[in-house]
Structure formats: C-alpha cells, structure tokens
Amino acid sequence: MHTSAPSLSDRLKPRMSAWLLLALAPVAMADGSPWYLRGGLSWVTSSHEHLTDEHCANHSPPALFGCSLGSDGRPIGAYGRLDDALGWDLGVGYRLSPIWRLELGYERIADRSFAGDANFLSVPGAQPVTGDLDTGLLLAQVVVDIDVGWERVVPWVAVGAGWARHEMDRMTYGFPGLAPGAVTVTADGEQDQFAWRAAVGVGLRVDPRFTVDLSWSYTDLGWMGSEAGAATIVRARGTRTLEIDGTEAAIRNQAVRLGMRYQF
C-alpha cells in the first residue's frame with residue numbers, strides 16, 4: 001500500500017507545540033500559576049475643577065451659567081476642587097510572560113466633597129458652591145515589569161483604559177449677600193465616562209506568593225456633572241422651581257497607592 005508523505009503543516013505542528021510549551025514553561029515553572037489577586041488603598045487628589053454648562057447658549061431648558069464673563073473676568077461657572085479622599089480597589093491579574101501582565105480591577109472613591117465659588121454677575125458677596133461625588137471605575141491595564149537585576153525589587157509601568165461612573169448629589173449655590181438662606185439647588189446627576197490611566201510603581205516581593213506595590217498614577221476620569229432637571233431657587237420673597245440644563249466639570253486625579261498581590 002502506498003502511503004503519502006506528511007505535509008509541511010503536519011510536520012510543523014509538533015514543533016510549534018513544543019515552541020509554545022517552551023515559551024510558557026519558564027513562567028509556570030518559576031512563578032507558579034500565572035493568575036494573581038490584587039487589592040490596595042489609594043490617597044487621591046485632583047486638580048482644580050471648573051463646573052460649567054453642557055451647552056452655555058441653551059434656552060430650552062436654559063443654561064445655569066450662560067456664555068458671558070463673570071464678576072472676576074472668567075467665564076461664569078463654579079470654580080473649586082474635590083477634596084482629597086481615600087479610595088480602594090480589588091482586581092485580578094494574569095502574567096503573560098516574565099515581563100508582561102494584564103490586570104482588570106474595580107475602584108471606588110466615595111463621599112468626595114466639592115467646594116468652590118461661583119462668579120455670577122450682579123450678586124454681592126461670596127457665592128459658595130458645595131456638593132458630593134461618588135466615583136466607581138472599572139479599568140483594564142497592561143503592566144510591564146522592568147528587569148533591573150534586583151532579586152526582590154521590580155519597577156514597573158502601566159497604561160490602562162476603562163469606564164467610570166460618577167454619581168453627583170444635588171449641588172448647592174449659596175448667595176448670602178442677597179439674603180440669609182438664599183440658595184439655588186440643582187438636580188443630581190449620573191455620568192458614564194471613558195477613562196484612562198498611566199502609572200509607575202515598584203513591586204517588593206515579600207515571598208514567592210506575596211508582592212507589595214507602591215505606585216503613583218494619573219487618571220483622566222472624563223466629566224462629572226448634574227443632569228438637566230428642576231432647580232430649587234430659595235430667595236427672601238419665596239421658593240420656586242425652574243428647569244435648567246445640565247452642568248459638567250472635567251476630573252483629573254493623581255493618586256499614591258499601596259497595594260498587595262497574591263499569586264496562586
């Protein structure tokens with residue numbers, strides 16, 4: 001019986017399988033399972049925010065601030081910042097090779113207070129603005145470990161992208177120069193935003209399973225804001241409601257994080 005010679009692809013398949021096993025074997029043999037859990041605490045700070053209209057020229061519903069310059073020569077809005085806050089994160093990671101890792105995690109920063117001042121025209125005295133914000137972030141990132149020849153200390157860099165949800169409570173604009181208790185209270189709001197991050201850090205390997213991470217990150221979280229809706233206006237002559245358009249402000253965070261990795 002005549003038997004045909006094996007094809008080129010049939011001859012290459014065993015070799016390709018062997019090469020793949022050899023490529024993956026060093027990670028599995030040296031480090032055990034490629035999967036690990038991660039968690040940490042972060043101290044988060046942000047730059048100054050400028051709360052402005054989504055559409056400053058809108059009339060139906062009307063914009064809260066408008067497109068004019070305010071009493072200080074800047075565009076009318078609310079200028080201030082979110083206070084520093086403690087955040088936490090949990091996630092899972094997978095080591096692709098001795099230097100490349102993939103991570104997916106969820107982060108939460110709750111009860112951040114916004115404090116600032118508005119600059120409406122023809123309003124005497126201070127114009128304090130306050131509100132609270134909760135932020136959740138689902139982030140995937142690529143991490144590169146940098147081999148510097150140290151056995152237990154490994155620097156790394158990371159970039160990532162994901163999805164942020166901002167939940168803003170009702171914002172209160174105070175006008176004590178008009179009358180005691182004079183305020184305007186806007187609607188609350190939920191914003192779903194694209195987010196991205198760049199980070200640098202260093203891992204300290206405590207034992208074969210546990211690694212401590214110390215890192216710094218910059219995160220662009222998109223925009224927070226209030227939704228279009230009813231605003232409550234309280235003045236000396238009474239209280240009324242008015243439909244107004246939404247407001248928004250960009251959020252850019254910096255954070256220092258202390259974390260832990262546990263490898264299976």
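Let's start with Arg 74: its charged end sits over the ring of Tyr 79, 3.7 Å from the ring centre. By "over a ring" I mean that NZ of Lys or CZ of Arg is within 6 Å of the ring centre and within 35 degrees of the ring normal. Before I go on, please keep in mind that this is a predicted model, where local features need pLDDT of at least 70, side-chain atom pairs count only at pLDDT 80 or more, and totals for chains, interfaces and linings use all residues. Residues are numbered from 1 along each chain as its sequence is written, and side-chain values use heavy atoms, with hydrogens and water left out.

There is another contact of this kind: Arg 261 lies over the face of Tyr 36, at 5.9 Å from the ring centre. Hold on to Arg 261, please. Its side chain also meets that of Asp 213 in a salt bridge, 2.8 Å from N to O. A salt bridge here is a side-chain nitrogen of Lys or Arg within 4 Å of a carboxyl oxygen of Asp or Glu. This one links distant parts of the chain, with Asp 213 in strand S11 and Arg 261 in strand S14 (residues 247-263), 48 residues apart. Strands are DSSP runs of E with at least two residues, numbered from the N terminus; helices would be H or I runs of at least four.

Are these two partners buried or exposed? Asp 213 counts as buried at 5% relative accessibility, and Arg 261 counts as buried at 9%. The cut-offs, with a 1.4 Å probe and protein chains only, are under 20% relative accessible area for buried, over 50% for exposed, and partly exposed in between.

The strands that carry this bridge are also paired: S11 and S14 run in the antiparallel sense over 13 bridges. Pairing requires that DSSP finds at least two bridges between the strands. Along this pairing, Met 224 stands opposite Ala 249 in S14.

On to S10 and S11. A hairpin of 4 residues joins S10 to S11, and the two pair in the antiparallel sense over 10 bridges. The bridge partner of Trp 196 in S11 is Asp 220.

Now the aromatics. A pair of rings is described by the distance of the centres and the angle of the planes. How many aromatic pairs does the structure hold? The structure holds 9. Rings of Phe, Tyr and Trp (its six-membered ring) pair if their centres lie within 6.5 Å; planes under 30 degrees apart are stacked, over 60 edge-to-face, and the rest tilted. Trp 196 and Tyr 218 make a tilted pair, 5.7 Å centre to centre with 50° between the planes. Trp 196 lies in S10 (residues 189-205) and Tyr 218 in S11 (residues 210-224), so the pair ties together parts that are 22 residues apart in sequence. Trp 196 is partly exposed at 36%, and Tyr 218 is partly exposed at 27%.

Tyr 262 and Phe 264, in turn, form an edge-to-face pair, 5.8 Å centre to centre and 85° between the planes. Tyr 262 is partly exposed, with a relative accessible area of 29%, and Phe 264 is partly exposed at 42%. There is also one aromatic cluster made of Phe 65, Phe 120, Tyr 173 and Phe 175.

Back to charges. A search of the whole structure finds 15 salt bridges. Arg 165 takes part in two that I'd like to show you. With Glu 190, the N to O distance is 4.0 Å, and that pair links S10 to strand S7 (residues 153-168), 25 residues apart. With Asp 192, the closest N and O atoms are 2.8 Å apart, and this pair links S10 and S7 across 27 residues. Arg 165 is partly exposed at 30%, Glu 190 at 44% and Asp 192 at 42%.

One last stop, the surface. Leu 41, Trp 43, Leu 86, Trp 88, Leu 90, Leu 104, Tyr 106, Leu 138 and Trp 163 make a nonpolar patch of about 930 Å². S4 gives the most to the patch, with 3 residues. Leu 138 belongs to strand S6 (residues 128-145) and is partly exposed at 39%. For the record, patches are made of residues with over 30% relative accessible area and no salt bridge, joining like charges within 9 Å and nonpolar side chains (Val, Leu, Ile, Met, Phe, Trp, Tyr) within 5 Å. Accessible areas come from the Shrake-Rupley method with a 1.4 Å probe, and for residues only the protein chains shown count as cover.
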